[in-house]
Amino acid sequence: MRAVIQRVSEASVTVAGEHVAKIGAGLLILLAVEASDTLEDIKWLSGKISRMRIFSDANGLMNHSVLDIAGDAIVVSQFTLYASTKKGNRPSYVKAAKPTIAIPMYEQFVQQLEKDMGKSVGTGVFGADMKVDLRNDGPVTIVIDTHHKE
């Protein structure tokens, strides 16, 4: 799995003119699934994201997690995180899992994150043309790949 985590002061997802998710302070998580991903990848990534200390404390140091600030999260599926630009000018997405694998894994990740955060998590609509609005706070943007544990 590959995720782009953005610390936001607000974020929302709109599909066909309708807001499907909206949060204040918290995390916007763009998530891509690879065919070889497992339940262990889901658990590791969700735990890492929910406990990651990227929110400022009273001294302005990044010492708090989204849990510590009682923040919210939105998870948006984004297979383009597995784009390969090695050949030509059209990216290849062969490393991204097909929907039959990606959809259940995405849904399991959302469920695990809800469990780890102890609250509901907003989502986009898998496969839809989404408009994602965010105000990146910091800016803080972190990329995590479960196959490299970084």
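1. Let's start with a loop: Ala16 is found between E1 and strand E2 (18-23). This is a predicted model, and in it Ala16 has a positive phi of about 50 degrees although it is not a glycine. Ala16 counts as exposed because its relative accessibility is 82%, above the 50% cut-off.

2. With a relative accessibility of 55%, Ala70 counts as exposed.

3. Please check the peptide bond joining Gly138 and Pro139 as well: it is cis, with omega about -5 degrees. Pro139 lies in strand E8.

4. On to helix H1 (residues 39-51): its 13 residues reach 18 Å from the first C-alpha to the last, close to the 18 Å expected at 1.5 Å a residue. Thr38 caps the N-terminal end of H1, with a side-chain oxygen 3.2 Å from the backbone nitrogen of Glu40.

5. Which residues of H1 are buried? They are Asp41, Ile42, Leu45, Ser46, Gly47, Ile49 and Ser50. These buried residues pack against strand E1 (2-15), E3, H2 and E8.

6. Finally, the largest pocket holds about 430 Å³ of space. Strand E3 (26-32), strand E6 (72-77), helix H2 (99-117) and strand E8 (130-145) each give two or more residues to its lining, and E3 gives the most, with four. Of the 25 lining residues, Ser77, Gln78, Phe79, Thr80 and Gly127 lie nearest the pocket's centre. By class, the lining has 18 nonpolar, five polar and two charged residues.

Terms used:
Residues are numbered from 1 along each chain as its sequence is written. This is a predicted model: local features need pLDDT of at least 70, side-chain atom pairs count only at pLDDT 80 or more; totals for chains, interfaces and linings use all residues. Side-chain values use heavy atoms; hydrogens and water are left out. On a 1 Å grid over the protein atoms alone, a cavity is a set of points where a 1.4 Å probe fits but cannot get out, and a pocket is an open set with protein on both sides within 12 Å along at least five of seven lines; lining residues have an atom within 4 Å of a point. Grid points are joined across faces, edges and corners, and a volume is the space filled by probe spheres set on the points. Ala, Val, Leu, Ile, Met, Phe, Trp, Tyr, Cys and Pro count as nonpolar, Asp, Glu, Lys and Arg as charged, and the others, Gly among them, as polar. The expected span of a helix is 1.5 Å times one less than its number of residues. Buried means under 20% relative accessible area, exposed over 50%, partly exposed in between (1.4 Å probe, protein chains only). Contact means heavy atoms within 4.5 Å. A polar contact is a pair of N or O atoms within 3.5 Å; within protein, one must be able to donate a hydrogen and the other to accept it, and residues adjacent in sequence count only if both atoms are side-chain atoms.
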